[in-house]
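User: Please take me through the terms used for this model, setting each value against its definition.

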Amino acid sequence: MAEVQPIISFEDFTFRYKSQDEPTLKHINLDVFPGEKVLILGPSGSGKSTLAKAINGLILDKDNGGFTGDVVVNGESLNDATVFSRSSTIGTVLQDSNSQFVGLSVGEDIAFYLENLNTPLPEMKEKVASSAKIIGMHNLLKRLPFSLSGGQKQRVTVGGVLNGDAPVILLDEPLAALNPKMSNQMIELLDNLNKKNNKTIVIVEHRLEEVLHRNIDKIVLVADGEIVTVATSDELLKTDLLEKYGIRRPLYLECLERLGKVETNSRNIWNVDRIDLTGYQDKLRQLVAKPSTEQSNADYSNKENLIEINNLRFSYDNQPFVHIDNLQINRGEKISLIGKNGAGKSTFAQLLCGVLKPQLGTINELGNDIEKQSIQEVGQQVGYIIQDPDKMIVEDTVIDEVALALKLHGFASEEIKLRVDKALKVTDLYSMRNWPVDALSFGQKKRLTIASMLVIKPAVLILDEPTAGQDFRHYKQMMDFVNQLVSQNDMAMIVITHDMQLALDYTDRTIVIDNGGVISDKDPYATLADKELLTRTGLVQTSIYKLADRVGVSGEKLARTVSI
């Protein structure tokens, strides 16, 4: 029998961007074989996305830099490759969905590949409908791609790739904008494409637990531009490498390891539904049975009312969407705003910051009706950090971007330097302060936009998916700083997120939005204990709740007990 040849092979590959002194990738040697499902894992800025661009040929675009060694894909050397030639083997889903749209509607975008093949119209419509159903966009085929939520955009790009016949599907941070249920469905979709269609799947991610909703053949851990190890899921989880390189371990493992080290001969520890809990059941039950030391829910009713909403109505294309009768947000509150993709979370945030105006009802902020204020006036009270960092960044360098708002507000140069330096250090961008913005990864740009807003210290801070594209070290460092800043300045914080653990760790009130309306407003632990609510809104419980179900104890109580 002939030896199986790798479909992707890195051969002592080193790459350096022209704007940098040191290589981003160093001496990479890696083989990916046909039919494998591979996760490229690593912290933000580790070189994961550059490694992906070496696979699909985008690294050659615009003469980005120089390389030594080779990346051979389906027998073709990188020296001979073009983006077009690579596309016949590699179907790519980019991290930034906006840069991948070519059609004027969802249906046209999914059909683009088929149109280039001159596919007959009846066959094209059938294939587009099939792909759209797989990705859950069959009811939105006539929508403009740029009017979609971040998660919906991600699904559309996958739909377009599905119509190709490339043997490899490469996805760069595919879960960043998806709600938990849709994230699971995406992983299930990729697993099916791998098993039923023999597609080779390469996923670039730092969200390990979410990817391990289905098992992975091998995980490639990358840090500082080098491959640290190549291992199976179980092999990697038995080491201390994840903690060392800033990747969060699965939550259920963090919980179990408080009660004793996971045995090295344990199997299936990669999945909460399969891990052997022998020796843990009694310990978990005893842990939950201990007298509760939890504090009562924070009460902010005696604090200043920052935002008051009455009979708010807003429509797109004469179709009713946002409808909120009464809602108050007080100084000091830390709120998680959750719901499925397209539920209205970002639209609601844009109404709060004055980008959109109410068509009926009122939004009063610090006692003033925002209808009577300019966006600039509202912006001094409500800081909004949007999901896509490229839409916020206007300066050429990192330090100029963070200082811009302070300069526009007339702050003294000494104060500007003090605030900018602190924000850059906390967001781990200080060493990159003189870098051109274009040299930053998506995750680094995300931290840059947060640093730029934090220096202003608004009364209300709205963060739309702030941890998207962030590894755990940067996630925790950044959220700890935001949390501290909010507390010290008695601000209100609203975090739009799909990360349920973030809601538990950093907020004390969870507002759930569905179809433009508020359907739940309570403690985040109680929210996650409401299975009917989660099913309705496309959310899922964290793995600690699932672990509790297996043992037969209260998920809410276990989550509160082990909360970090």
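Analyst: Arg433 lies over the face of Tyr430, at 4.0 Å from the ring centre. This is a predicted model, in which local features need pLDDT of at least 70 and side-chain atom pairs count only at pLDDT 80 or more, while totals for chains, interfaces and linings use all residues. Residues are numbered from 1 along each chain as its sequence is written, and side-chain values use heavy atoms, with hydrogens and water left out.

User: What makes Lys425 count as lying over the face of Tyr430?

Analyst: A charge sits over a ring if NZ of Lys or CZ of Arg is within 6 Å of the ring centre and within 35 degrees of the ring normal. Lys425 is placed over the face of Tyr430 at 5.0 Å from the ring centre.

User: Why is the pair of Phe15 and Tyr17 called edge-to-face?

Analyst: Rings of Phe, Tyr and Trp (its six-membered ring) pair if their centres lie within 6.5 Å, and planes under 30 degrees apart count as stacked, over 60 as edge-to-face and the rest as tilted. The ring centres of Phe15 and Tyr17 are 4.9 Å apart and the planes stand at 90 degrees, so the pair is edge-to-face. The count by this rule comes to 7 aromatic pairs, and Phe10, Phe13 and Phe67 form one aromatic cluster.

User: How do you know whether Phe15 is buried or exposed, and what is the case for Tyr17?

Analyst: Buried means under 20% relative accessible area, exposed over 50%, and partly exposed in between (1.4 Å probe, protein chains only). Phe15 has a relative accessible area of 1% and is therefore buried, and Tyr17, at 16% relative accessibility, counts as buried as well.

User: What makes β2 and β4 edge strands?

Analyst: Two strands pair if DSSP finds at least two bridges between them. The open sheet of 3 strands has the order β2-β1-β4, with antiparallel pairing, and its edge strands β2 (25-32) and β4 (65-73) each pair on one side only. Strand β1 (residues 8-17) pairs with β4 over 8 bridges in the antiparallel sense, and Arg16 stands opposite Gly66 in β4.

Notes:
Helices (H or I, at least four residues) and strands (E, at least two) are DSSP runs, numbered from the N terminus.
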